[in-house]
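Here are my notes on this model, point by point. Please keep the structure open while you read.

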Amino acid sequence: MRAEFPDFRLGNVLATSFTATLTERHGNAVERIPAPHRLIDWLAVNGLAVDSCTTAQLDLARELRESIHAAATAAAIQDALPASAVQVINDCSAQGRAAATLTPEGERRWQLSSASCVEDALSVIAADAISIIAGERDGKLALCASPTCQAAFFDTSQSRTRKWCDMNTCGNRQKKARFKANQRKNPRSAE
Ligand SMILES: [Zn+2]
């Protein structure tokens, strides 16, 4: 019987969607790519389809993920970037050979050098992380306000005041907690 695996949390930004494959880092962490085939699934959903993945490639992917998380977190709080994380991101960026191609409909597609080359897919993710950490894109890195999450996310809201990495999960939970706290303080107002 095939075990159930946690769903992916997909956002609009490739690099932070990738770091969101591990959630609740400061609570009960949920690993969303616990096995190579789940990384294959995640890459397919994100336009980086590969046909195989070894456990060593999964390990490399997770190393890149945690390096992006560390560097993006430092950037969000305007701290110095951790040198080891920068090294991993740069190595992954340099290792892969992926080409951006244009479809007849005017959309960008990534073409990997070979369908077994997870490293190519990781290089696209690393380059995406570099562009947001370097401030090349319109938006601002921030940390999720949920104490058990604190994920680095890329805020592209007009006012740059987004508080949560994900409205449907962290945002909703905070709202519910606040509602409950209000109910306790003032039980009649909830009726
Ligand atoms: Zn969050």
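1. Start with Arg 160. This residue sits in the loop that runs between β6 and α6 (167-185). The model is a predicted one. Its phi at Arg 160 is near 55°, a positive value in a residue other than glycine.

2. Is Arg 160 buried or exposed? Arg 160 counts as exposed because it has 10 C-beta neighbours inside 10 Å, and the cut-off for exposed is 12 or fewer.

3. Next, look at Glu 24. Its place is the loop between β1 (22-23) and β2 (30-31). Phi of Glu 24 is also positive, near 55°, and Glu 24 is not glycine either.

4. Glu 24 has 16 C-beta neighbours inside 10 Å, so it counts as partly exposed. That class lies between the cut-offs of 12 or fewer for exposed and 20 or more for buried.

5. The largest nonpolar core holds 44 residues. Those with the most contacts inside it are Leu 64, Ala 72, Ile 89, Ala 121, Ile 125 and Ala 129. Two or more core residues come from each of α1 (14-19), α2 (36-45), α3 (55-76), α4 (83-95), α5 (118-133), β5 (140-143) and β6 (152-155). The largest share is that of α5, with nine residues. In soluble globular proteins, nonpolar side chains tend to be buried together.

6. Which residues does Ile 125 contact, leaving aside its neighbours within four places in sequence? They are Leu 14, Ala 15, Phe 18 and Leu 64. Leu 64, like Ile 125, is among the residues with the most contacts inside the core.

Key:
Residues are numbered from 1 along each chain as its sequence is written. This is a predicted model: local features need pLDDT of at least 70, side-chain atom pairs count only at pLDDT 80 or more; totals for chains, interfaces and linings use all residues. A nonpolar core is a set of buried Ala, Val, Leu, Ile, Met, Phe, Trp, Tyr and Cys residues joined through C-beta atoms within 7 Å. Helices (H or I, at least four residues) and strands (E, at least two) are DSSP runs, numbered from the N terminus. Two residues are in contact if their C-beta atoms, placed from the backbone, lie within 7 Å.
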